[in-house]
Structure formats: C-alpha cells, structure tokens
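Subject: Structure for your files

Hello,

Here is the structure I said I would pass on. My notes on it follow below.

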Amino acid sequence: MPFDIPAGACDCHVHVFGPARQYPYDPARTYTPADAPLAELSALHRELGIARTVIVQPSPYGADNRCLLDALARLDGAGRGVAVIDDSTTDAALAAMQQAGVRGVRVNLETAGEHDPAVARRKLQRAAERVAPLGWHVQTYTNLATFAALADSLPGLPATLVVDHFGRAQAGLGLAQPGLDRLLDAVAAGRVYVKLSAPYRISREPDYADAAPLARALIDANPDRMLWGSDWPHPGSAAGGPLSIDGITPFRQEDNRRALARCLEWAGSPERARKILADNPARLYGFG
C-alpha cells in the first residue's frame, strides 16, 4: 500500500449471496450466482484493514431484502445497507429496514437496460420521495448518456444521489467523452456522490490503467463526494462471460488488495484517502 489504510475505512459496495436454499432468488433475475457468505467477506475485510461495510442489494434478489437484513444484523453496527424496494414495500417495512441499518435504496437502471431518460427520471423521483423522510439516499447504476439527460433535474430530487461504478464512463474514451462533463459538474456542485468501484466494468487495460485519469478527475472535482467499493464478490456481468439462470454464473476473480491499493494511488495523499475511505462513508451512511 502506498500509505496506511485510515481508521474507520469502509468498503461501500459489496454483495452477499446465499445460501440459496434459505434466501431464494427472484424468478425474473438475469443470472444465478454462487454462494458468497458474509463470513468470507468479513475475513477479507479483516485482512485488508476494512472496519465498515456497506452491503448493496444485488439484482438476483429483486426486492426481497432478507439476505441483506440478516447480514446487517450479524455485522452488529459495523454495516449499513442499500436496499431495493418496489410498490409492495410498505412504510412499516421501510421503518424496519431503517432500524436494521439500511440507509439507501438502489435503482438499477443499467442492469435492467433502462436508458429512457423520462422513465429513469420517474423511477429516481419515486424512489427519492419514498425514502427522503427517512434521510436515505438513492443509489443508481446507469451510464453517462442517461445521467447527462437527468442532470438538470437533480436539484429537484428530494434525496441525495449516489452513482455506481464511475457512472459507467468508459475509460478508453478518456476525459473528453460525452456526458462526463455533466457528471463532473454535478460532483463539483456536491449534488452526487460517485463510487470509485469495479473498474473492470469500464476498462479492459491491464490493472485498469486507463481508469486512473477518470478516477483522479472525479476526485479533483470534489474529494468530499467520492466513495470506494470493492464490488466483492464481483458478480454478474462483471465476470465477463455469459449470464446464466439455470446454471451458476461464476464470480470474477479479482485481487482485492490491489483494488484497495489502486484507490490509495488515485487519492494521491493520506488526507484524500481518509475522505474517500472513512470520512465520506461515515457522513453518508451515518456511522458513529
């Protein structure tokens, strides 16, 4: 590591899967993952020096958040959750999730193939209206073109917006690619947080070297709005192969220690690393 991991460091984007017999998957899922238990994740975090964890509801579970909530209970205050809700989710269920440690709701536009800005805007607005009274944020996985089309409506969103995986900026297209300026402007204005996570979703270069200029541009725009996540256990389309419902879609094999070191390199200083890994997550997710 180029310098020490700060105290209270948080991995802001992980998933927990299974066992499938206890937590069955949504029949409408696009892939079936292998088991990825909390015990394995916690062992990895101890090895890396990560003290806090944000578990994000993965798409194969749909809006059934039981696996997520059980994992949060076992993390005993060191975890927070980002859930998925639908029209059947009651206010009482939201209140119970708040008590369990959920602090956000995810609107996954990219995996669903939803690129119509009007539809995306309605989904984000509806989600924000549901969770704003709880002080939660809305997290979205979408691409730059869709984000750019939504950018002008962000000031009216009643909840903070968090953007997954570099906003799907394509590393090989560099800093002049269409839509990146809108994301950088929103970051600079403090309207969105961005997760510097899963560079394999945006880069094909060894060690994702061409993602470094994107990461540094985002950090330079506003280090107070950057987060880091490992995307463990690197599921679904991240694996690079065909998705399977009937068989198991294998996880991508990634060097998680290198992923954390890469974030420190992008940060460029212990002060910025502390913001990205500790201070910003503590503020956004309400860690004590």
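Predicted model: local features only at pLDDT ≥ 70, side-chain atom pairs only at ≥ 80, totals over all residues.

**Parallel strands and crossovers**

Strands β2 and β3 run parallel and are joined by four bridges.

Valine 82 stands opposite glycine 104 in β4. Here the chain crosses from β3 to β4 by way of α3, again as a right-handed β-α-β crossover.

How much of β3 is buried? Five of its five residues are, so the strand is largely enclosed by the rest of the structure. Both of its faces are covered, with Gly79, Gly81 and Ala83 on one side and Arg80 and Val82 on the other.

A further unit of this kind is made by β7 (residues 192-197), helix α7 (residues 212-221) and β8 (residues 226-229), and it is right-handed. β7 and β8 run parallel, with four bridges between them. Valine 194 has methionine 226 of β8 as its bridge partner. β8 is covered on both faces: Met226 and Trp228 are buried on one side, Leu227 and Gly229 on the other.

**Helix α2**

The buried residues of α2 are Cys67, Leu68, Ala71, Leu72 and Leu75. Viewed down the helix axis, they fall within an arc of 135°, so they line one face of α2. On the other side of α2, Ala73 and Arg74 are exposed. The buried residues pack against α1, β2, β3 (79-83), α3 (91-100) and β4 (102-108). Aspartate 76 follows α2 and has a positive phi, near 55°.

**Nonpolar cores**

In soluble globular proteins, nonpolar side chains tend to be buried together. In this model the largest nonpolar core has 81 residues. Ile55, Val138, Phe147, Leu161, Leu183, Val192 and Leu218 have the most contacts inside that core.

What does valine 192 touch, leaving aside its neighbours within four places in sequence? Valine 192 is in contact with Phe147, Leu154, Leu161, Val163, Leu183, Ala186, Val187 and Arg225. There is also a second, separate core of twelve residues, which includes Val56, Val162, Leu284 and Phe287.

**Aromatic pairs**

The count of aromatic pairs comes to five. Tyrosine 25 and tyrosine 61 form one that is tilted, with 4.7 Å centre to centre and 35° between the planes. This pair links distant parts of the chain, 36 residues apart: tyrosine 25 is in the loop between β1 (10-14) and α1 (38-48), and tyrosine 61 is in the loop between β2 (52-56) and α2 (66-75). Both tyrosines are buried.

Phenylalanine 166 and tryptophan 266 form an edge-to-face pair, 5.8 Å centre to centre and 85° between the planes. Phenylalanine 166 sits in the loop between β6 (161-163) and α6 (180-188), while tryptophan 266 belongs to helix α8 (residues 256-267), so the pair ties together parts that are 100 residues apart in sequence. The cut-off used for buried is under 20%.

Ring pairs also link Phe17, Tyr25, Tyr61 and Phe251 into a cluster.

**Leucine 134**

Leucine 134 is found in the loop between α4 (117-131) and β5 (137-141). Its relative accessible area is 28%, so leucine 134 is partly exposed. Leaving aside its neighbours within four places in sequence, leucine 134 is in contact with Leu94 and Gln98. Leucine 134 and leucine 94 are 40 residues apart in sequence, and their C-alpha atoms are 8.4 Å apart in space.

Regards

Methods: Residues numbered from 1 in each chain as written. Heavy atoms only, no water. Core = buried A, V, L, I, M, F, W, Y, C linked by side-chain atoms within 4.5 Å. Buried < 20%, exposed > 50% of the residue type's maximum accessible area, 1.4 Å probe, protein only. Contact = heavy atoms within 4.5 Å. Phe/Tyr/Trp six-rings, centres within 6.5 Å; stacked < 30°, edge-to-face > 60°. Helix = DSSP H or I, 4+ residues; strand = E, 2+ residues; numbered from the N terminus. Arc of directions from axis to C-beta. Pairing = 2+ DSSP bridges. Right-handed = clockwise from strand over helix to strand, strands pointing away.
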